Amino acid sequence: MRIGELAERAGTTTRTLRYYESRGLLPARRAVNGYRTYDEDDLRLLRQIRTLQDFGFDLEETRPFVECLRAGHPAGDSCPASIAVYRTKLAELDALIGQLRSVRAQVGAQLMRAEAQLPQGPDPQCEFGG
């Protein structure tokens, strides 16, 4: 298939495909007429990249998964390098979750302090200056 069809089937743009090609994530095969040509395996690579990016992986982090697929594995995450990237990403996510829990606790404490300081009786009129 040609680049426009691949882009449409993958839900992306031809510009993105050219970028992936320049980064070595998508093979640069050309027909005799000079047009880029792609097949179902390339579509599978793109779907793997897209899924990982939807999960928060940056483009370079997708490389081991792409290489695993290119090596003939049925899934991009069935290689040691892919598993290592998963482990690294999980560690990053765990750290972020820890930071978010800390921030949440701080905001909760601030809310409790602010609520404790509210005067009893009718709600005070607070003006918002914009």
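**View 1. Arg9 and Glu40 form a salt bridge through their side chains, with N and O 2.7 Å apart.** A salt bridge here is a side-chain nitrogen of Lys or Arg within 4 Å of a carboxyl oxygen of Asp or Glu. The model is predicted, so local features need pLDDT of at least 70 and side-chain atom pairs count only at pLDDT 80 or more, while totals for chains, interfaces and linings use all residues. Residues are numbered from 1 along each chain as its sequence is written, and side-chain values use heavy atoms, with hydrogens and water left out. Arg9 lies in helix 1 and Glu40 in helix 3 (residues 40–54), so the pair links distant parts of the chain, 31 residues apart. Helices are DSSP runs (H or I, at least four residues), numbered from the N terminus. Arg9 is partly exposed, at 36% relative accessible area, and Glu40 is partly exposed too, at 45%. Buried means under 20% relative accessible area, exposed over 50%, and partly exposed in between (1.4 Å probe, protein chains only). Glu5 joins Arg9 and Glu40 in a network of salt bridges.

**View 2. Arg36 and Glu21 form a salt bridge, with the closest N and O atoms 2.8 Å apart.** This pair also links distant parts of the chain: Arg36 is in the loop between helix 2 and helix 3, and Glu21 is in helix 2, 15 residues away. Arg36 is buried, with a relative accessible area of 18%, and Glu21 is buried at 16%.

View 3. Lys89 is buried, at 9% relative accessibility, whereas Glu92 is partly exposed, at 35%. The whole structure has nine salt bridges.

**View 4. Helix 1 (residues 3–10) crosses helix 2 (residues 14–22) at roughly 105°, their axes coming within 9 Å.** Axes are lines fitted to C-alpha atoms over the stretch in contact, and angles run from 0 to 180 degrees between N-to-C directions. The two helices are therefore roughly perpendicular (a term for angles of 65 to 115 degrees). Ile3, Gly4, Leu6 and Ala7 of helix 1 make the contact with Thr14, Leu17 and Arg18 of helix 2, where contact means heavy atoms within 4.5 Å.

Terms used
Angles under 35 degrees count as roughly parallel, over 145 as roughly antiparallel, 65 to 115 as roughly perpendicular and the rest as oblique.
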